Amino acid sequence: MAAPMLRWCYLGRRWVLACIDGGSRHGRGAAIGFTSSRKRGQSSVAQQPLITAQKSRKGEHKWAAVVGLEIHAQISSNSKLFSGSQVHFAAPPNSLVSFFDASLPGTLPVLNRRCVEAAVMTGLALSCRINKKSLFDRKHYFYADLPAGYQITQQRLPIAVNGSLAYSVCAGKKPSQVITKTVRIKQIQLEQDSGKSLHDELRSQTLIDLNRAEGQLRVDANISVHHPGEPLGVRTEVKNLNSARFLAKAIDSEIERQIHELENGREILNETRSFDYKLGCTMPMRDKEGKQDYRFMPEPNLPPLLLYDTASLPPGADPQQVINIDWIRERLPELPSETREKLVQQYGMLPEHSFALLNEVGLLEFFQNVIKETRAEPKKVTSWVLNIFLGFLKQQNLAVNESSQSPRSPARSSFTSGESVGRTDQKQGACCWSASEKCHGPEPSPVTPAALAELLSLLDRKAISSSAAKQVFEELWRSKGKTPSQIVSEKRLELMQDEEALERVCHAVMEEHPQVVMDVKRGNSRAINKLIGLVLKATLSRADPTVIKEILEKKLSS
Amino acid sequence: MLGRTLREVSAALKQGQITPTELYQKCLSLIKKTKFLNAYITVSEDVALKQAEDSEKRYKKGHSLGDLDGIPIAVKDNFSTSGIETTCASNMLKGYVPPYNATVVQKLLDQGAILMGKTNLDEFAMGSGSTDGVFGPVKNPWSYSKQYREKRKQKPHGEKEDSNWLITGGSSGGSAAAVAAFTCFAALGSDTGGSTRNPAAHCGVVGFKPSYGLVSRHGLIPLVNSMDVPGILTRCVDDAALVLGVLAGHDPKDSTTVQDPVKPFTLPTLTDVSKLCIGIPKEYLAPELSSEVRSFWSKAANLFESEGAKVIEVSLPHTSYSIVCYHVLCTSEVASNMARFDGLEYGHRCDIDVSTEAMYAATRREGFNDVVRGRILSGNFFLLKENYENYFIKAQKVRRLIANDFVNVFNSGVDVLLTPTTLSDAVPYLEFIKEDNRTRSAQDDIFTQAVNMAGLPAVSVPVALSNQGLPIGLQFIGRAFRDQQLLTIAKWFEKQVQFPVIQLQELMDDCSSVFEIEKLGSVSLKQ
């Protein structure tokens with residue numbers, strides 16, 4: 001537990017929806033926050049019981065949904081938010097638990113500097129206002145994996161507020177049409193993660209793992225629907241969504257459910273729900289005590305978190321003891337939106353291609369490395385990287401070579417105690433049953449940027465045909481270590497430069513397929529493509545289709 | 001030897017007049033003789049012996065670690081001690097052995113101090129009598145002093161002598177009794193609303209509460225985090241300063257400790273007080289104040305005045321709101337701090353396993369006494385969303401006003417405030433328990449608690465004996481982080497008043513036979 005968490009609250013994501021009828025599925029776009037409208041038919045009105053007729057109106061009217069997301073994202077740091085214990089993925093249960101993490105009486109939280117810096121950087125990237133002074137609060141509830149009985153969070157005065165994120169989605173009639181949208185960010189807060197409960201149904205026992213360094217992302221979605229112009233509806237909270245795909249599904253399903261409930265005269269309860277991945281719908285969660293009162297109070301053991309900028313930095317301040325927002329701003333990496341814009345401008349790339357390049361970890365670096373080493377057209381490179389290379393990766397469930405994790409910055413800061421805090425006695429912390437299996441990430445791609453660059457250069461020089469290039473690429477994938485040139489010469493895939501020889505092949509093909517020749521002569525313009533294909537096959541893809549076409553046209557017209 | 005101060009015995013150790021193991025043996029035998037006082041919950045006999053032997057080796061090699069090397073000390077049982085049971089005098093933590101030392105404990109051990117044991121208290125330090133712990137009440141050593149007994153003989157009473165023993169005050173009563181009965185030379189208490197100063201006054205020892213943030217709370221099992229401070233109990237002011245010098249300073253494990261480097265705390269001997277301004281807060285002239293304490297208070301003021309100091313009446317106008325404000329803030333933090341005692345990771349766990357919730361409920365009902373449970377309930381009430389603004393926020397605002405009262409007074413040129421520590425001298429146990437814990441705490445903390453709200457340093461110095469032959473203490477309150485100035489003035493005062501030494505030794509020998517046959521059902525001394 002106590003893995004550092006960032007919580008982002010997105011507020012007021014709205015989209016307008018309407019249903020064909022009360023029971024039918026409403027439309028949705030490819031990403032969260034999509035607008036789609038359908039007309040609602042009369043049939044649903046007829047389904048409504050009379051008793052609640054006043055709640056629905058006849059005729060067409062739209063539903064608007066309001067969605068707010070609470071995103072719990074784990075900070076990439078070496079140690080936890082309030083203790084010196086390490087953070088590792090898939091570490092044995094309760095092996096990374098300091099006395100503080102186990103909430104031993106008398107232990108106190110010490111803020112991890114790296115986590116504060118990460119929160120500030122996130123705030124800056126999301127155009128938030130960074131609060132120079134923020135506070136920590138205790139949120140109380142009893143749960144077995146919350147050993148202190150409270151969670152330290154930032155309820156009253158969080159580290160960053162009022163941000164926004166502009167994003168683009170491919171939507172509309174043409175698939176290439178990109179719409180830019182803005183989501184408002186209410187606040188970013190630093191908060192301690194709780195532990196993990198493992199329920200052993202057989203022995204009806206719950207086992208607690210206080211490491212809690214897993215599950216980098218968790219989203220709670222608050223959802224309500226209302227008629228535009230009317231007050232907002234009662235909201236439900238769908239908790240613990242851990243992927244964007246399920247998040248979208250859960251939101252859609254919950255909106256649909258709420259509309260259905262309301263249109264059938266029922267009420268929406270203010271409740272927490274969970275998303276059933278198998279059934280694809282939300283279910284009410286077992287809420288034992290009804291509404292929770294978290295009894296927030298200030299965390300008395302952490303002084304207010306003060307941040308500075310270059311102007312407000314106290315003279316002679318120990319750089320290890322203060323955090324300068326401007327300093328972090330200078331170190332902010334280029335944001336994805338800027339990168340995408342540059343790609344479009346620099347390479348004349350389609351916007352959707354710039355998205356595709358950034359959506360896959362490491363793919364952009366791969367692309368840039370290829371571009372550096374080849375004189376092939378950027379468009380060609382883009383097309384190869386996105387269509388062929390990425391296609392192969394996805395097919396084989398591989399990662400881009402460059403995606404090997406960027407090294408983590410040394411996180412042990414002066415904020416956290418420099419000493420390594422010892423571990424609790426395993427006997428005192430409740431133990432889990434077994435070490436979880438070690439999880440391996442996907443293997444890296446066998447094709448290096450240099451290899452692809454060389455291949456594209458061969459193609460660009462017309463040393464090989466594009467279909468031969470695809471063969472070379474497949475060969476590169478299979479036989480690691482060989483260069484494209486080696487493969488080309490081994491497999492004799494060089495483009496036929498001998499025009500006379502090519503003419504002979506063309507001639508032979510025409511002889512063998514008089515029917516196709518007849519078709520061409522009768523004016524079937526497509527038939528020539530068939531001839532070109534046949535010639536290509538006869539040359540083992542070593543000829544340039546445009547040259548073949550020229551020869552064929554010459555011969556056919558003669 | 002045992003009657004000496006820490007500095008004196010430290011000098012004796014250095015000069016080889018006594019060895020650490022001899023000193024340890026003497027203290028241990030006295031701890032055993034005074035077992036009936038119930039000052040100790042755990043006597044760490046074996047660990048202490050090892051420490052004493054190690055210290056002796058260092059002295060033999062001439063590598064003494066300093067003034068505290070070989071000095072027997074005691075620590076209140078709400079400080080975590082590695083390998084030694086730490087109970088907070090609660091069923092909840094019976095059998096809990098912390099895997100780490102509180103920073104203050106570690107600092108004492110690093111200086112070679114010998115930890116004789118863990119002292120008794122009110123459960124989780126909630127109380128002002130040291131009567132509400134699961135191991136039974138602490139008896140005030142002065143109950144058995146020649147001074148008190150002689151006074152009592154003069155008065156006719158029908159009741160049995162031994163049933164009329166006096167409370168120590170609290171909640172650090174065990175530490176105060178341990179120092180007063182010569183079983184150690186210094187003890188750690190904790191002070192949230194007066195818990196170090198109150199028993200110090202009743203037991204005739206010096207009780208010092210440092211500025212909040214000067215001494216680490218890491219390892220101190222909290223009562224109210226924003227007010228708790230480790231306290232120091234000694235037989236003289238100089239000793240308190242010596243211990244403070246060891247304890248003070250930034251702790252990376254406690255973010256509320258100040259970063260500034262701390263200078264050594266050696267107290268100059270003040271000869272001239274004519275440049276001092278002593279403030280007498282008029283609000284502290286409470287109607288409940290006994291005439292005796294009141295008279296010693298004015299005598300003390302006169303003493304300063306006669307020596308040339310400026311003594312002025314000052315006003316701390318929000319004093320009367322302190323008790324109710326403290327009640328809200330204290331119970332709220334208690335409700336929060338006690339949430340971790342759920343029977344899962346450590347401490348008591350009930351046998352009920354129907355559900356996790358049922359287990360929590362039964363564990364906490366069995367583990368906490370009525371006082372703790374009452375404070376948890378009140379605190380949770382104040383923290384409810386609907387009450388938070390009306391209670392907690394208001395109490396915080398009042399706290400600020402109380403703190404500002406002190407700031408204003410000190411800004412007007414006052415160096416220290418002089419006040420009573422307690423309303424009267426120690427009362428008999430049977431008298432004390434007529435009122436409930438809450439009423440008692442509210443009454444008894446009246447002079448001490450506002451200081452914790454403001455985070456100021458304060459020290460209770462024994463002044464004289466009452467008509468009954470019992471100690472009376474007066475309190476000095478200083479500016480934040482001017483602990484050294486405060487103690488310097490207290491040292492001067494201490495020298496002027498010449499508080500008598502408790503005459504215990506001869507009586508103890510006489511009484512020991514009596515006490516041995518006395519039934520000590522409530523006493524559970526753990527070895």
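Is B:Glu431 buried, exposed or partly exposed? At 38% relative accessibility, B:Glu431 counts as partly exposed, where buried means under 20% relative accessible area, exposed over 50%, and partly exposed in between (1.4 Å probe, protein chains only). The model is predicted: local features need pLDDT of at least 70, side-chain atom pairs count only at pLDDT 80 or more, and totals for chains, interfaces and linings use all residues. Residues are numbered from 1 along each chain as its sequence is written, chains are lettered from A and ligands numbered from 1 in the order in which they are written, and side-chain values use heavy atoms, with hydrogens and water left out.

Salt bridges were examined next. Side chains of opposite charge can pair when their charged atoms come close. A salt bridge here is a side-chain nitrogen of Lys or Arg within 4 Å of a carboxyl oxygen of Asp or Glu. Over all chains, the search of the whole structure returns 33 salt bridges. B:Glu431 takes part in one of them, with B:Lys434, at 3.5 Å from N to O. B:Lys434 is exposed, at 64% relative accessibility.

A second pair joins B:Arg58 to B:Asp69, with the closest N and O atoms 2.8 Å apart. This pair links distant parts of the chain, 11 residues apart: B:Arg58 sits in helix H3 (residues 45-61) of chain B, and B:Asp69 in the loop between H3 and strand S2 (72-76). Helices (H or I, at least four residues) and strands (E, at least two) are DSSP runs, numbered from the N terminus. B:Arg58 is partly exposed at 21% relative accessibility. B:Asp69 is buried at 0%.

B:Asp77 lies in the loop between S2 and helix H4 (103-110) of chain B and B:Lys118 in strand S3 (residues 114-119) of chain B, so the pair ties together parts that are 41 residues apart in sequence. B:Asp77 is buried, with a relative accessible area of 0%. B:Lys118 is likewise buried, at 0% relative accessibility. In chain A, a network of salt bridges links A:Glu254, A:Arg257, A:Glu271 and A:Arg273.

Chain A is divided into domain 1 (64-298), domain 2 (336-399 + 444-491) and domain 3 (499-557). These bounds come from an automatic or database domain assignment. Between domain 1 and domain 3 of chain A, the C-alpha centres lie 63 Å apart.

A cavity is a set of points, on a 1 Å grid over the protein atoms alone, where a 1.4 Å probe fits but cannot get out; lining residues have an atom within 4 Å of a point. Grid points are joined across faces, edges and corners, and a volume is the space filled by probe spheres set on the points. The count comes to 7 cavities of 30 Å³ or more. The largest cavity holds about 150 Å³. It is lined by 21 residues, and the closest to its centre are A:Thr107, A:Arg138, A:Tyr150, A:Asn301 and B:Arg340. The lining divides into 9 nonpolar, 7 polar and 5 charged residues. Here Ala, Val, Leu, Ile, Met, Phe, Trp, Tyr, Cys and Pro count as nonpolar, Asp, Glu, Lys and Arg as charged, and the others, Gly among them, as polar.

The second largest cavity has a volume of about 80 Å³. Its lining includes B:Gly170, B:Ser195, B:Tyr326, B:Arg375 and B:Asp445. By class, this lining has 3 nonpolar, 7 polar and 2 charged residues.

Backbone geometry shows several features in chain B. Most residues other than glycine have a negative phi, and most peptide bonds are trans. The peptide bond from B:Gly170 to B:Ser171 is cis, with omega near 10 degrees. B:Ser171 is in the loop between H5 and helix H6 (173-180). B:Cys88 has a positive phi, near 55 degrees. For B:Ala89, phi is also positive and near 55 degrees. B:Cys88 lies in the loop between S2 and H4 of chain B and is buried at 0% relative accessibility. B:Ala89 is found in the loop between S2 and H4 and is buried at 0%.

B:Ala426 is 337 residues from B:Ala89 in sequence and 22 Å away in space, C-alpha to C-alpha. B:Ala426 is buried, at 2% relative accessibility.

The structure holds 0 disulfides over all chains, a disulfide being a pair of cysteine sulfur atoms within 2.5 Å. A:Cys506 is buried at 0% relative accessibility, and B:Cys277 is buried at 5%.

Conventions
1 Å grid on protein atoms, 1.4 Å probe; cavity = no way out; pocket = protein on both sides within 12 Å on 5 of 7 lines; lining within 4 Å.
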